[in-house]
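I opened my notebook today to look around one protein model.

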Amino acid sequence: MDSLVASPWPRNRALCVLAGLWSLIYGVLGLIGAGLFWALGMGQLVARAGAIEVWARGRFARWMVNKGWQGFTGGWTVFYWSPPGIGDLIHEREHVRQILRWGPLYYPVYAVASLACGYRRNFFEVKAYAAQRAAGYPNDA
Ligand SMILES: [Zn+2]
């Protein structure tokens, strides 16, 4: 899996530190969310390919699945509401990469883009779906 799903973090150490600082607020909030899920027994944590994954379980996870959602990227943490396929892993890692690049601007710009263009046509989603298609896994997420 790790060879199929690349870490979203820059390889250059200085850029990596800058990206971490630039996205720190969302990174910390995501880690707090992951800790809450773990502490409340609502999910299992997995660290791999440059992100923390929460494999959520229970009522809230089922509710999200019933709403049609597969995952949510919160900073450096990806919450999966059901077991992810490789396409899901690639898709959500692309969102982590976007957060590292856009930092504190990510969620406000994402919200405006979604309101203006709709969920599937907002450019963050277009790029995330393109990444999973390019890897040969178009059908998850
Ligand atoms: Zn997405």
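Where is G75 found? I looked it up: G75 sits in the loop between β3 (71–74) and β4 (77–80). Helices (H or I, at least four residues) and strands (E, at least two) are DSSP runs, numbered from the N terminus.

**A note on the source.** Residues are numbered from 1 along each chain as its sequence is written. This is a predicted model, where local features need pLDDT of at least 70, side-chain atom pairs count only at pLDDT 80 or more, and totals for chains, interfaces and linings use all residues.

**More on G75.** Is G75 buried or exposed? G75 counts as buried because it has 25 C-beta neighbours inside 10 Å. The cut-offs I used: buried is 20 or more other C-beta atoms within 10 Å of the residue's own, exposed is 12 or fewer, and partly exposed is in between, with C-beta atoms placed from the backbone. Leaving aside neighbours within four places in sequence, G75 is in contact with S23, Y26, G27, L29, G30 and I99. In contact means that the two C-beta atoms, placed from the backbone, lie within 7 Å. I also checked V28: its C-alpha atom is 7.3 Å from that of G75, although the two are 47 residues apart along the chain.

**The whole protein.** I found six helices and four strands, and from the N terminus on they run α-α-β-β-α-β-β-α-α-α. Buried residues make up 33% of the 141 residues. Among contacts between residues at least 6 apart in sequence, 59% join residues at least 24 apart. The C-alpha trace spans about 40 × 30 × 30 Å along its principal axes.

**Helix α4.** The 17 residues should span 24 Å, and the end C-alpha atoms are 24 Å apart, which agrees. Of those 17 residues, 14 are buried, so α4 is mostly covered. Just after α4, G103 takes a positive phi of about 50°.

**α4 against α6.** At what angle do α4 and α6 pack? The angle between α4 and helix α6 (residues 123–134) is about 135°, with their axes 8 Å apart. Axes here are lines fitted to C-alpha atoms, for helices over the stretch in contact, and angles run from 0 to 180 degrees between N-to-C directions. That makes α4 oblique to α6; angles under 35 degrees count as roughly parallel, over 145 as roughly antiparallel, 65 to 115 as roughly perpendicular and the rest as oblique. On the α4 side, the contact includes I90 and E94, and on the α6 side F124 and Y129 are among the residues making it.

Key: The expected span of a helix is 1.5 Å times one less than its number of residues.
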